[in-house]
Amino acid sequence: RRSLARRRSSAAAARCRQSFPHRDFENPEAETCWLSCLFQSLWHSAVFHQAFEDYLAASSLATCEDERILAALRQTWEEYKAA
């Protein structure tokens, strides 16, 4: 029984760590490769991806003028999801 329980918990843990489907990321001038790398790392992080979807991606949340980075991240996130 213990080994079956371990296998089930291992399988559940593996599913939680699965990445999200890759999307093409437009970077036509190739001047911000580091930003593309950072964004794709965040996209594939199961923990960040879920937290962003749950708490920050909601279009019902208004961004203030001084939250330009969050607004840009939301816009890029939506474009990436639609790709």
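Biologist: Which residues do the ring pairs link into a cluster?
Modeller: That would be Phe39, Trp43, Phe48, Phe52, Trp77 and Tyr80. One thing before we go on: this is a predicted model.

Biologist: Got it. How many aromatic pairs are there?
Modeller: The count is seven. One of them joins phenylalanine 39 and tryptophan 77, with 5.8 Å from centre to centre and 75° between the planes, so that pair is edge-to-face, as planes over 60 degrees apart count that way.

Biologist: And where do those two sit in the chain?
Modeller: Phenylalanine 39 is in helix α2 (residues 33-44), and tryptophan 77 is in helix α4 (residues 68-82). They are 38 residues apart, and the pair links distant parts of the chain.

Biologist: Is phenylalanine 39 buried or exposed?
Modeller: Buried, because its relative accessible area is 5% and the cut-off for buried is under 20%. Tryptophan 77 is buried too, with a relative accessible area of 0%.

Biologist: Let's zoom out. What is the secondary structure made of?
Modeller: Four helices and zero strands. Reading from the N terminus, the order is α-α-α-α.

Biologist: How much of the chain is buried?
Modeller: Buried residues make up 12% of the 83 residues. The chain exposes about 6800 Å², and carbon and sulfur atoms supply 55% of that.

Biologist: What about contacts between residues 24 or more positions apart?
Modeller: They account for 52% of the contacts with a separation of 6 or more.

Biologist: Changing topic: what is the mean pLDDT of the chain?
Modeller: The mean is 74, and 59% of the residues reach 70 or more.

Biologist: Which helix has the lowest mean pLDDT, and which the highest?
Modeller: Helix α1 (residues 2-16) has the lowest, at 55, while helix α3 (residues 46-56) has the highest, at 87.

Biologist: Okay, on to charges. How many salt bridges does a search of the whole structure find?
Modeller: Two. In one, the side chains of lysine 81 and glutamate 53 meet, at 3.5 Å from N to O. That pair links distant parts of the chain: lysine 81 is in helix α4 and glutamate 53 is in helix α3, 28 residues apart.

Biologist: Why would those side chains pair up at all?
Modeller: Side chains of opposite charge can pair when their charged atoms come close.

Biologist: And which residue does lysine 81 meet in the other salt bridge?
Modeller: Glutamate 78, with the closest N and O atoms 3.7 Å apart. Both of these residues lie in helix α4, three residues apart, which is about one turn of the helix. Put together, Glu53, Glu78 and Lys81 are linked in a network of salt bridges.

Biologist: Now the outside. Which residues form a nonpolar patch on the surface?
Modeller: Trp34, Leu35 and Leu38, with about 330 Å² of accessible area together. Leucine 35 is in helix α2 and is partly exposed, with a relative accessible area of 37%.

Biologist: Last one: what does leucine 70 touch?
Modeller: Leaving out residues up to four places away in sequence, leucine 70 touches Phe52, Leu56 and Thr63. Leucine 70 itself is in helix α4. Leucine 70 and leucine 56 are 14 residues apart in sequence, and their C-alpha atoms are 8.3 Å apart in space.

Notes
Residues numbered from 1 in each chain as written. Predicted model: local features only at pLDDT ≥ 70, side-chain atom pairs only at ≥ 80, totals over all residues. Heavy atoms only, no water. Buried < 20%, exposed > 50% of the residue type's maximum accessible area, 1.4 Å probe, protein only. Contact = heavy atoms within 4.5 Å. Areas by Shrake-Rupley, 256 points an atom, 1.4 Å probe, with all protein chains shown as cover. pLDDT = per-residue confidence, 0-100. Phe/Tyr/Trp six-rings, centres within 6.5 Å; stacked < 30°, edge-to-face > 60°. Patch = residues over 30% accessible without salt bridge, like charges linked within 9 Å, V, L, I, M, F, W, Y side chains within 5 Å. Salt bridge = Lys/Arg side-chain N within 4 Å of Asp/Glu carboxyl O.
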